[in-house]
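Please read each point with the structure open.

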Amino acid sequence: MGKGNRHANRNVLYMVLDFLFCFLAYVLAVLTCDGTFQIWQNDFFKLCLCSILLVMMFNLIKKLYDTTLFFYVDRILSYLSQSFLFSNLMVYLLAYVVGHTHIPFWKYACFMAYEFVMLVLSAFFMRWLIRRTQLFAARCVFVGNKDTYSKMIHFLGRNSMGVKLVGYVSEHAYYPEGDGTDYIGTIDELDKVLHDHAVDQVFFFQDDKHPLNYYEYVVQCLEMGVTARIVEPPYNVEQAKNYVSSIGTYPVVTYHNVVMNVYAKALKRVGDILASTIGIIVSAIPMLIISIAIKLDSPGPVLFRQERVGMNGRRFKMLKFRSMCIDAEEKKKELEDKNQMNNNLMFKIEDDPRITRVGRVIRKYSLDELPQFFNVFIGEMSMVGTRPPTLEEVAQYDITHWRRLSIKPGITGMWQTSGRSKITDFEKVVALDKEYIDNWSVWLDFKLLVKTVIQLLFNRGDAY
C-alpha cells in the first residue's frame, strides 16, 4: 500500500480536540490552584505537557483515534483510563528523575482530575456532536442488498468513520421494484447515481455466495474522482480472530484462532529459556543419580528418545529417562487390548509390565521427564503446552484434533494438572488442550507451573 494510506483510518481532528481539551485542563488547574491567569508556569507546564503528549501516544496505541474503532462506552472508558493512568504514572516518576518534585502533588492531582474529565468529554461529547451534525461526513452509497445495507448502517453507527449513507444500489443489473426509500438504483446506473446524489464514496459489498467482479465499477468511480471501498464478507468461523494487512498492494484478511501474537510468543520463549536453564541446573545432580540407577538396574541406554509430533506437525526427538525395558515398543502391541483410553489415540494402562524397578520410582514422581528441560531449551517444547503425541496417535487424528498441535507441546499443561490418570476420554483431553490455547496468558502458564510443582511435591493423584 502507498505511504499516503499508512494512517488512512486516523482521525486527526480527534487528536486536535484531545490536545485542546487537555490544555484547557491545565488552564483550569492553574486557575483553581493559584487563582491567577498567569498560565505560563514553566515547570508545571512542562509536566502537564508531557502528560498530555503521553496520553495521546497511548491513545494512538489503543487505536482511540482510529475511525474504525467501535464506540462502546465500556471499551472507550477502559482504554481512556489505561492511557490516563499509565501516562501520569510515567510523568510523575519522570518528575523525580529530572528534579521537578518541588511541584506540589496536590496541584498536579488537580490537573489530573481536570484532564480525565476533559478526555471523557472529548471522547464522548465531541464525537457524538460530530456524528450528530455529520460534520465533514462523506456522502456514501452502498452496492449490495437490503440486508447487508441494514447491517452496514448499524456498524457505521458504532464507529467514527464520519460517513452519511445516501442509500443502496442493487448489485443486480435489473431491479424492477424499489425496496423502500433507501433504494436509489441498480449497478448499471452507477454513474448516474454518483452524479445525481453528489457521492463521495462507494462501498461495494462482495457477496460470498454470488461474488461479482466490481473492477469496471471501481474504475468508473476512480475516473469520476469517487473513492471506492470493497467490503469483504466476514467468515463467521467459531472463535476465529482476524486482522487486515497487506502484501505489497494486495490487501490480506487473516483469520486465526491462536491467541499468541509475535510478542506473546517471544515472551513465552524467553520464559521457557529461563525456566529450562534453572531446571537443568537444579536437577543436574538428581539426573546424574538417576542415570547411574538406571544403568545398574537394567541393560540398555539411560535416555529414551522417541519421535514425537510438535507444533503444526513438526517432528522431534523427545527425551526421557528410560523407565521401561529395551523392547517396550515391541511388547506394546501385545498390551493394546488393555488400553485404558477409550480409543487408540493415546495409550495408558495401570501396572504396565514393561516398567522397570527404577522406572516405577521415577515415574511415580515424574522424574523421568527431567531430560525434557533440554527439549525446552532448544525450542522443540515449551514448559507449558499440550501433550506431545506419538506419530501413531497423530496418524489417527481427524481434523478437529489437529488444533491441539497449533502450539508447542509442553512438559506440563491443562491435561497433566487436571488429574490425567482419571481422564480416559481423548475428546476431553483435546477439549482441555483447546481451552489452554484459547485462554493462554503468562498468568495461566504461571498457575499451571505452580500447580504442577504442588502436585509433584505432594504426589496428588498422578496429576503430572
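1. Buried means under 20% relative accessible area, exposed means over 50%, and partly exposed lies in between, with a 1.4 Å probe and protein chains only. By that scale, Asp34 is partly exposed, with a relative accessible area of 35%. The model is predicted: local features need pLDDT of at least 70, side-chain atom pairs count only at pLDDT 80 or more, and totals for chains, interfaces and linings use all residues. Residues are numbered from 1 along each chain as its sequence is written, and side-chain values use heavy atoms, with hydrogens and water left out.

2. Overall composition. The protein chain has 15 helices and eleven strands; helices (H or I, at least four residues) and strands (E, at least two) are DSSP runs, numbered from the N terminus. Of the 464 residues in the chain, 42% are buried. Contact means heavy atoms within 4.5 Å. Among contacts with a separation of 6 or more, 68% are between residues 24 or more positions apart. The chain exposes about 26,300 Å², and carbon and sulfur atoms supply 61% of this area; accessible areas come from the Shrake-Rupley method with a 1.4 Å probe, and for residues only the protein chains shown count as cover.

3. A salt bridge is a side-chain nitrogen of Lys or Arg within 4 Å of a carboxyl oxygen of Asp or Glu, and the structure holds eight of them. In one of these, Lys107 pairs with Asp34, and the closest N and O atoms are 3.0 Å apart. Lys107 lies in helix H4 (residues 105-133) and Asp34 in helix H1 (residues 12-34), so the pair ties together parts that are 73 residues apart in sequence. Lys107 is buried, at 9% relative accessibility.

4. The closest N and O atoms of Lys268 and Asp445 are 2.6 Å apart in their salt bridge. Since Lys268 belongs to helix H8 (residues 262-282) and Asp445 to helix H15, the pair ties together parts that are 177 residues apart in sequence. Both residues of this pair, Lys268 and Asp445, are buried.

5. Asp438 and Arg403 form a salt bridge, with 2.2 Å between the closest N and O atoms. Asp438 lies in helix H14 (residues 426-438), whereas Arg403 is in the loop between helix H13 (391-394) and strand E11 (410-412), so parts 35 residues apart in sequence are tied together. Asp438 is partly exposed, with a relative accessible area of 22%, while Arg403 is buried, at 15%.

6. Which side chain of opposite charge is nearest to Asp272? Arg269 is, at 4.7 Å, and Asp272 is buried yet has no salt bridge; in this count Lys and Arg are positive, Asp and Glu are negative, and His and the chain ends are not counted. Asp272 is located in helix H8. Leaving out residues up to four places away in sequence, Asp272 touches Val376, Met381, Ser382 and Met383.

7. Thr148, Tyr149, Met152 and Leu156 are buried in helix H5 (residues 146-156). Viewed down the helix axis, the buried residues of H5 fall within an arc of 105°, so they line one face of the helix; the arc is that of the directions from the helix axis to the C-beta atoms. An α-helix has 3.6 residues a turn, so residues three or four places apart point the same way. The buried residues of H5 pack against strands E1 (138-144), E2 (163-170) and E4 (201-205). On the face turned away from the buried side, H5 carries the exposed residues Asp147 and Lys151.

8. Surroundings of Phe84. Phe84, in helix H3 (residues 73-98), is buried at 9% relative accessibility. Its contacts, leaving aside neighbours within four places in sequence, are Val55, Met112, Glu115, Phe116 and Leu119. The C-alpha atoms of Phe84 and Phe116 are separated by 7.0 Å, although these residues are 32 apart along the chain.

9. Backbone angles to inspect. Asn312, in the loop between strand E8 (303-309) and strand E9 (315-321), has a phi near 55°, a positive value in a residue other than glycine. Ser366 also has a positive phi, near 55°. Ser366 lies in the loop between helix H11 (357-364) and helix H12 (372-377) and is buried, with a relative accessible area of 7%.
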